[in-house]
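Opening my notebook on this one. I wanted to see how the pieces pack and pair.

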Amino acid sequence: MEQEGDSLKKRREIAFCTLHPDSNQAGSAAGMLLEMEGIVHATALNDATLEVHYHLLVITLADIELLLESKG
C-alpha cells in the first residue's frame, strides 16, 4: 500500500545519445546528480541509461534534464 508522501517520490529513466565522447554518460551523470538536494538515488543501468529517483517537492524532472543538458 502506498504511504503518505510516496506520490511525491518519482522514478525515471533518462536515455543518453550513444554518439557522445563520454562513453559512460549515465555513470558520469549519476555521480553528479547524487550531490544534488532532492535526488534520492541515481545509478547507471548501462552506459547510456540513467535511473534516477527524486523528491518532487525539491526537484523536478525538467530541472534534472536542464542540468544534464547544461553540463553536456
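This is a predicted model: local features need pLDDT of at least 70, side-chain atom pairs count only at pLDDT 80 or more; totals for chains, interfaces and linings use all residues.

Numbering starts from 1 along each chain as its sequence is written, and side-chain values use heavy atoms, with hydrogens and water left out.

Strands: I took helices (H or I, at least four residues) and strands (E, at least two) as DSSP runs, numbered from the N terminus. Two strands pair if DSSP finds at least two bridges between them. I found β1 (residues 9–15) antiparallel to β3, with 7 bridges; glutamate 13 has glutamate 51 as its bridge partner there. β2 also runs antiparallel to β3, through 6 bridges, and histidine 41 is partnered with histidine 53. A hairpin of 2 residues links β2 to β3.

Burial: I counted a residue as buried under 20% relative accessible area, exposed over 50% and partly exposed in between (1.4 Å probe, protein chains only). In β3, 5 of the 7 residues are buried, so the rest of the structure largely encloses this strand.

Core: I defined a nonpolar core as buried Ala, Val, Leu, Ile, Met, Phe, Trp, Tyr and Cys residues joined through side-chain atoms within 4.5 Å. The largest has 15 residues, with Leu33 and Ile64 among those with the most contacts inside it. α1, β2 (39–46), β3 (49–55) and α2 (61–70) each supply at least two residues of this core, and α1 gives the largest share, 4 residues.
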